[in-house]
Amino acid sequence: MDVYEAVTSRRAVRAFTDRPVPRPALERVVSAAAWAPSASNLQPWHAYVLTGDPLAELKKRAGERVATGDPWDEPEYEMYPPALKSPYRERRSAFGEQRYGALGIAHEDIEARQRAASANWDAFGAPAALFCYIDRDLGPAQWSDVGMYLQTVMLLLRAEGLHSCTQMAWAKYHRSVAEVLSPPDELILFCGMSIGFEDVTANPARTGRAPLDETVTFVDGVS
Ligand SMILES: Cc1cc2nc3c(=O)[nH]c(=O)nc-3n(C[C@H](O)[C@H](O)[C@H](O)COP(=O)(O)O)c2cc1C
């Protein structure tokens with residue numbers, strides 16, 4: 001698979017089969033992803049790869065919290081600014097329409113949206129997951145390094161025939177994740193990532209992208 005194909009075939013997949021993910025494939029992916037770049041080579045990512053009973057235990061704990069309406073844990077970082085400005089606000093709501101529209105959920109059906117969103121904490125049925133932490137003393141540049149690492153993981157997963165969905169949703173239950181993973185106190189959970197083989201019978205949400213001239217400016221002296 002060439003890089004363009006890996007990039008364009010990666011999507012946030014939210015329906016997986018229960019086919020196990022071979023451990024050697026996961027090892028190849030995290031070994032190669034270690035070559036992701038980072039400013040001054042800090043390599044600020046701390047990844048935990050979960051499969052089998054530990055992942056089942058985490059899904060059980062999170063599922064129980066969802067079912068009993070247990071409130072989310074106190075946030076350790078701000079996922080979005082409180083008042084998202086234009087054009088991000090419009091892009092976010094367009095994404096919501098695409099995501100829930102693909103499931104046949106009407107805009108005003110908040111309960112159905114919440115039900116669909118709760119699949120986050122079952123890792124969308126995936127048999128493997130990666131949890132990515134960052135040291136709480138690090139700043140925006142290192143968070144950006146972590147993003148590059150995660151995208152590298154996602155592209156390598158495509159090369160293995162696997163799909164993924166990065167999920168900040170797991171940070172809402174970071175205490176449950178920590179109960180299973182026991183990370184050092186100085187780490188913050190940025191996100192989880194569901195990993196597995198896509199359930200191709202599900203109806204996927206197809207996201208679009210803003211026109212290129214909204215996000216990229218060529219400055220080359222040619223009008
Ligand atoms: C940092 C990050 C966090 C995300 N968190 C979630 C999440 O919690 N739940 C979810 O279903 N998708 C999540 N996504 C997936 C995005 O919604 C998705 O990448 C975006 O809508 C673009 O769609 P595409 O990845 O299918 O191209 C996340 C993606 C990123 C990069």
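In this predicted model, Glu27 is partly exposed, with a relative accessible area of 37%. Its side chain meets that of Arg23 in a salt bridge, at 2.6 Å from N to O. Both residues belong to helix H2, where they sit four residues apart, or about one turn of the helix. Arg23 counts as exposed because its relative accessible area is 61%.

Another pair joins Asp70 to Arg65, with 3.0 Å between the closest N and O atoms. Here Asp70 is partly exposed, at a relative accessible area of 31%, whereas Arg65 counts as buried, since its relative accessibility of 12% falls under the 20% cut-off. Salt bridges also link Glu57, Arg61 and Glu179 into a network. The structure holds 14 salt bridges. As a general point, side chains of opposite charge can pair when their charged atoms come close.

Attention now turns to the sheet. Four strands form an open sheet in the order E1-E2-E4-E3, with antiparallel pairing. Strands E1 and E3 (163–167) stand at the edges with a single partner strand each, so one side of each is left without a neighbour in the sheet. From one strand to the next, the twist averages 20 degrees. The antiparallel pairing of E1 with E2 runs over six bridges, and Val49 has Leu130 in E2 as its bridge partner. Helix H3 packs on the sheet, where it touches E1 and E2, and its direction makes about 95 degrees with that of E1. Helix H6 (residues 140–159) lies across E1, E2, E3 and strand E4 (187–196), running at about 15 degrees to E4.

Most residues other than glycine have a negative phi, and most peptide bonds are trans. Against that background, the peptide bond from Ser86 to Pro87 is cis, with omega near 5 degrees. Pro87 is placed in the loop between helix H3 (52–67) and helix H4 (88–101), and counts as partly exposed because its relative accessibility is 30%. Pro87 and Ala129 are 42 residues apart in sequence, and their C-alpha atoms are 32 Å apart in space.

For Ser40, a residue other than glycine, phi is near 55 degrees. Its place is in the loop between helix H2 (23–33) and strand E1 (46–51), and its relative accessibility of 72% makes it exposed. Ala123, which is not a glycine either, has a phi of about 50 degrees. This residue is found in the loop between helix H5 (110–117) and strand E2 (128–135). At 0% relative accessibility, Ala123 counts as buried.

Finally, the surface includes a nonpolar patch of about 340 Å², made by Leu212, Val216 and Phe218. Leu212 has its place in helix H8 (residues 212–215), and counts as exposed because its relative accessibility is 58%.

Note on methods. Residues numbered from 1 in each chain as written. Predicted model: local features only at pLDDT ≥ 70, side-chain atom pairs only at ≥ 80, totals over all residues. Heavy atoms only, no water. Helix = DSSP H or I, 4+ residues; strand = E, 2+ residues; numbered from the N terminus. Buried < 20%, exposed > 50% of the residue type's maximum accessible area, 1.4 Å probe, protein only. Pairing = 2+ DSSP bridges. Axes fitted to C-alpha atoms, helices over the stretch in contact; angles between N-to-C directions. Contact = heavy atoms within 4.5 Å. Patch = residues over 30% accessible without salt bridge, like charges linked within 9 Å, V, L, I, M, F, W, Y side chains within 5 Å. Areas by Shrake-Rupley, 256 points an atom, 1.4 Å probe, with all protein chains shown as cover. Salt bridge = Lys/Arg side-chain N within 4 Å of Asp/Glu carboxyl O.
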